[in-house]
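Hello,

Here is the structure I promised to pass on. Please open it first; my notes follow below.

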Amino acid sequence: MSELIVSVSGIRGIIGESLTPEATCRFAAALGTFLGGGRVVVSRDGRPSGDALKHAVFAGLMSTGCTADDIGIAPTPTVGIAVRTLSAAGAIQITASHNPAPWNGLKMFGPDGAVLPADAGQRVKLLFERGPIALAKWDGIGSVRVPPDVLTDHARLVQENVSVSTIASRGIRVFLDGNGGSGGPLASQLLGELGCQVVQHNCEANGIFAHEAEPTPAHLVDVAPWVKQTESAVGFVLDPDADRLALIDEQGNCVSEELTLALAVMYRLKYVTGPVVVNMSTSRVIEDLATAAGCPFTRSAVGEANVVAKMREVNAVIGGEGNGGVIDPRIGWVRDPFIGMALILSLMAEERKPVSQLVAELPRYAMLKTKFTVPKEKLQPALDTMRAKWADATANTIDGLRLDGPDWWLHARASNTEPVVRIIAEAPTEEQVNSLCKEAGELLTS
């Protein structure tokens, strides 16, 4: 766990151990070399370590002739918008996303405001690992600038794509948990401008986590009751870099992060017919909604860049990932909880139904997400054994191994952000899904 994780998405590691200023500076220089100079947006989530790392990022970018546009603490989707607004060559977001507080990392963006695609990310990775780094001469060193505020641009873009008056007419009370991440201030601003009554909880972007960073139901046990106690109609919970959105219903029940995207898709498809894209590990609830609306449905490999690439290929109207990540092309090519909030509030306002009822009306499946530590050399043989065990299932090897049975599916893949193998399964009953994950886990670890 103390090793630096280097992937096509960026780098992640533990502060004071694997993620050092030297590694941070070199990775930024690798991106600067790849971009060939130009303006590069730099931002970070609220983690205190990010304040130190940003100077290493500045040094790496400047040394390769780049101008760093420092937008300070900002949500990851806002970075994508800033790249387009500022006509930048790319961006670096300093964040470890849902990893615990000791972690931090760097995430890369291209000139279109999307996470750098895998092929470009691989080139940056090789430059980081092997070089050569294209260092600028003394008279070509870059600089650091502070551009105009970009948070307002993001809020305005979201509001332009929903009916603010419809949401405001309902006077919805929202419980907002920013968990010390970068999204609290923007979410508070946006919800207020949508006419909501906002109950703020830990919305200062100070990097102090009141609970585990990943906003899953298991981590929100202490937060959930506050929604009912404050008489809020819905609870919104953000992860540290604000690219995931978790929901809590009006009764204080945590809603599966898979259903954040489902509710957003449900609303979007009320008004537009078009392709929907999710990744291999996302619930088939989305597929059911797309099919019912007469919309084409496609799955991609796991990873935001892969989902975005497939969305562009098929001209999708909405897409995302089952971790609470909503991607709406009208806003940008990044998982965006802010348009997610606005779409779900629109659904609540127009249907005049509480969140619990909207969730109850969705197709119902049981899903289990597990992870195992598996040596790299044992992974492929284990996947081959799994494929043989469920020989009647339809196999897909685009990303690890996905097996589709008549009423169930199972997906096993190595994580890009943690040194583990993830196994996710979905079936009609909890008994079935528990059995699938147990058997698959035994094959992986035997």
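The lining of the largest cavity divides by class into five nonpolar, three polar and two charged residues. Keep in mind that this is a predicted model. The residues around that cavity are Pro77, Gly80, Ile81, Arg84, Gly113, Ile331, Gly332, Trp333, Val334 and Asp336. The space inside comes to about 40 Å³. Searching the whole structure gives one cavity of 30 Å³ or more.

Helix α3 covers residues 76–85 and helix α5 covers 151–159. Their axes are 9 Å apart and meet at an angle of about 100°. Angles of 65 to 115 degrees count as roughly perpendicular, so α3 and α5 are roughly perpendicular to each other. By class, the contact has four nonpolar, three polar and two charged residues.

Now the sheets. One is open, with five strands in the order β9-β8-β10-β11-β12 and mixed pairing. Strands β8 (residues 173–177) and β10 (residues 234–238) run parallel, joined by four bridges. Phe175 has Gly235 of β10 as its bridge partner. Two helices to look at here are α7 and α12. Helix α7 (residues 184–193) lies across β8, β9 and β10, at about 175° to β8. Helix α12 (residues 337–351) lies across β8, β10 and β11, at about 170° to β10.

Another open sheet has four strands, ordered β14-β13-β15-β16, again with mixed pairing. The edge strands are β14 (297–300) and β16 (325–327). Ignoring direction, neighbouring strands are turned by 20° against each other on average. Strand β13 (residues 276–279) runs parallel to β14, with four bridges between them. Asn279 stands opposite Ser300 of β14. Helices lie across this sheet too. Helix α10 (residues 285–292) lies across β13 and β14, at about 155° to β14.

That is what I have so far.

Best wishes

Technical notes:
Residues are numbered from 1 along each chain as its sequence is written. This is a predicted model: local features need pLDDT of at least 70, side-chain atom pairs count only at pLDDT 80 or more; totals for chains, interfaces and linings use all residues. Side-chain values use heavy atoms; hydrogens and water are left out. Axes are lines fitted to C-alpha atoms, for helices over the stretch in contact, and angles run from 0 to 180 degrees between N-to-C directions. Angles under 35 degrees count as roughly parallel, over 145 as roughly antiparallel, 65 to 115 as roughly perpendicular and the rest as oblique. Ala, Val, Leu, Ile, Met, Phe, Trp, Tyr, Cys and Pro count as nonpolar, Asp, Glu, Lys and Arg as charged, and the others, Gly among them, as polar. Two strands pair if DSSP finds at least two bridges between them. Contact means heavy atoms within 4.5 Å. On a 1 Å grid over the protein atoms alone, a cavity is a set of points where a 1.4 Å probe fits but cannot get out, and a pocket is an open set with protein on both sides within 12 Å along at least five of seven lines; lining residues have an atom within 4 Å of a point. Grid points are joined across faces, edges and corners, and a volume is the space filled by probe spheres set on the points.
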